Structures are given as structure tokens and as C-alpha cells.
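I am keeping notes on what I looked up here, one topic per entry. The structure comes before the first entry.

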Amino acid sequence: MRDEIDVTKIVIPHADVVKCSTRIGAEIRNIKLSADLPDDTIAAIYGLVLEHKVIFFRDQGHLDDAEQERFALRFGKPSPYPQGTMPILEIDSAGEDIQADIWHIDWSCMDAYPKISVLRGVVIPLVGGDTVWSNTAAAYLDLPAPLQRLANDLWAVHSFPGAYNSRYVENFVGPKIETEHPVVRVHPETGERTLVLGSYVARFVGVSKQDSQRLFDLFESHITAQENTVRWKWKQGDVAMWDNRATMHCATKDYSDQRRVVRRATIEGEVPVSVDGRYSVARFKFRG
């Protein structure tokens, strides 16, 4: 799809594209999202996702779960979740099992983790509850050359469930998923090199736990640097859509006992490829 799009000439009739920052994020105004949008409009939206990494739409309160799913499926097949295929995943602060207020790539514990996520604001706190996204391609380019070379050679084990949510681990029954990903993957459509880290990372392959933590903190500090991020203040009916292969994100849990509900559809991705052409390797282990 990328081969058909010149991102310097992306135009959606009657819509306005307003950049949120110089490195990541754009708001697309004056468009009503629907699964029935013309093919060229869907292609243009996809091109804007590739260009800006995450795009935002206000005033999409007409969408329900079914229409959100139909719209998302214009961009590919639904991504399976570890618990099975679920068209829409609800993340509800009132009973949230999966922790979202930590930097992560959606389901990076999987080998072919989602390429696109479409998130809709359903119940939004009066104050707080923003989400922050980071451009992992820009973060890679900011690394000094010696750190780029180190990152190119490193692989990390991504695990589900992980230690980032002990309550969920304790209550979880079913398969444990572990995948070895390159720390740097080559984006299959833009050719960019992006960093693959986040909360699912358990350790680096061939590196001690102590040194793994130090390396993790070092690379994450570049990913989460302010200049590589954009922060979105949600309103009910907003939709965010992002390239899960070139971003990480984190929900901000600063809304006390207010309720926050968002619903997400994800589109199946590809198995990452490292700088030297090797593919990620999935390992499935069942808890005893």
C-alpha cells in the first residue's frame, strides 16, 4: 500500500491536516469516519498514519463498536489477541486487567504483533486521562552511532503476561507467550529503522538481568524524550489511529477515581525483520 502513496501529496477532500508536533502526530479535521469511505480516502488515511505515526479525529461520536470494527478492517485483517480473536478490546479503568499506564507497543509479545491500532474514547474523565505517543523511528535516529550499532545487534524477549502487572499474572490461566524480537526492526513499508521495546520486554538475549535493565533504561530514555512525543487530550467520541510498528504509547493515570473507558481494534501485522534480515521467533509456553 505504501508504494501507491506519495506522502508529500496526500489529500483528503474537504479535510484539513494539522500537525501536532514536528516529529509525530497530526489531527485530521472535517472528516466523518466510516467503513464506507472511498478507497482513495482510506488509502490517504493510511498514508497519513505512515507519515505522522499517529493521527487523531475529533467528533466521531456516531461510531459504535460495530462501525469502529468495520472501519478498522478497511486496513487489513483483525489481529488475534492471546485470549483469542476479539474484534474490540475494551480498556475500562473500573476493572482494568491489562495495565495501559506504562510505555508499550500493543501486544509486542506476539511475533506478528498488530500493525495498526484504532482507539475510540467512550467514557472520558473531566480531568486527566491523556495518552502520549512516541516516534520510535525518530528515537533511533537520535541515538549516537555507537548506540545504533549496539541496538542493531541486540534482541529482546517479549513476554505475556509480564511482571509489569502482577495482579494479572497471578490470575492468568492459559498460554504464556514469549517472542524474541530484534531491538531494531526495519519497517516493511517506509524502510525506517524503529526501536522495539516497551513493557513486554523481559530481558535481552545473552545479557544478564542487571545489564538488561541498564540497556533497557538507556534506550527507553531516547524513546520517551519529549521531542519525540505527542500528548492527546481526549474528548468523548475522539478516535486515535497509529502505526504500532513505529510508535510506543502510554496512558496517563492521573484521573483519580473517575472512570475512563476506551475501545480498541487492532489490525494484524507482519513478523518483524532485523537489520541483518532475520525474523522474530515466537515461543509459546504453557503455565504449569
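Entry 1: I began with Asp-211, which at 36% relative accessibility counts as partly exposed. The scale I used calls a residue buried under 20% relative accessible area, exposed over 50%, and partly exposed in between, with a 1.4 Å probe and protein chains only. Arg-214 reaches 55% and counts as exposed. I found a salt bridge between Asp-211 and Arg-214, with the closest N and O atoms 3.6 Å apart. A salt bridge here is a side-chain nitrogen of Lys or Arg within 4 Å of a carboxyl oxygen of Asp or Glu. Both residues lie in helix H6 (residues 209-223), three residues apart, about one turn of the helix. I also noted a network in which salt bridges that share partners join Arg-185, Glu-189, Asp-243, Arg-245 and Glu-270.

**Entry 2: ground rules.** The model is predicted, so I noted that local features need pLDDT of at least 70 and that side-chain atom pairs count only at pLDDT 80 or more, while totals for chains, interfaces and linings use all residues. Residues are numbered from 1 along each chain as its sequence is written, and side-chain values use heavy atoms, with hydrogens and water left out. Helices (H or I, at least four residues) and strands (E, at least two) are DSSP runs, numbered from the N terminus.

**Entry 3: other salt bridges.** How many salt bridges does the structure hold? I read off 22. One of them joins the side chains of Asp-142 and Arg-23, at 2.6 Å from N to O. This pair links distant parts of the chain: Asp-142 is in helix H3 (residues 136-142) and Arg-23 in the loop between S1 and S2, 119 residues apart. Asp-142 is partly exposed at 31%, and Arg-23 is partly exposed at 32%.

I then looked up Arg-231 and Asp-130, whose side chains meet in a salt bridge of 2.9 Å, N to O. Arg-231 lies in strand S12 and Asp-130 in the loop between S5 and S6, so the pair ties together parts that are 101 residues apart in sequence.

**Entry 4: the three-stranded sheet.** Two strands pair if DSSP finds at least two bridges between them. Axes are lines fitted to C-alpha atoms, for helices over the stretch in contact, and angles run from 0 to 180 degrees between N-to-C directions. S6 (residues 131-135) pairs with S14 over five bridges, and Thr-131 stands opposite Ala-251 in S14.

**Entry 5: the seven-stranded sheet.** A second open sheet has seven strands in the order S1-S2-S3-S13-S5-S15-S4, with mixed pairing. Its edges are S1 (16-19) and S4 (89-92), each with a single partner strand, so one side of each has no neighbour in the sheet. S5 (residues 116-123) and S13 (residues 239-243) pair in the antiparallel sense over five bridges. Val-118 has Met-241 as its bridge partner in S13. Helix H1 (residues 39-52) lies across S1, S2, S3, S5 and S13, running at about 130 degrees to S3; contact means heavy atoms within 4.5 Å.

**Entry 6: aromatic rings.** I counted rings of Phe, Tyr and Trp (its six-membered ring) as pairs if their centres lie within 6.5 Å; planes under 30 degrees apart are stacked, over 60 edge-to-face and the rest tilted. The count comes to seven aromatic pairs. Among them, Phe-71 and Phe-75 are edge-to-face, at 5.3 Å centre to centre and 75 degrees between the planes. Phe-71 is buried at 1%, and Phe-75 is buried at 4%. Trp-107 and Tyr-200 have ring centres 6.0 Å apart and planes at 35 degrees, so this pair is tilted. Trp-107 and Tyr-200 are 93 residues apart, and both are buried. Phe-56, Trp-133, Trp-232 and Trp-242 form one aromatic cluster.

**Entry 7: cysteines.** I looked for disulfides (cysteine sulfur atoms within 2.5 Å) and found zero. Cys-20 is partly exposed at 34%, whereas Cys-109 is buried at 0%.
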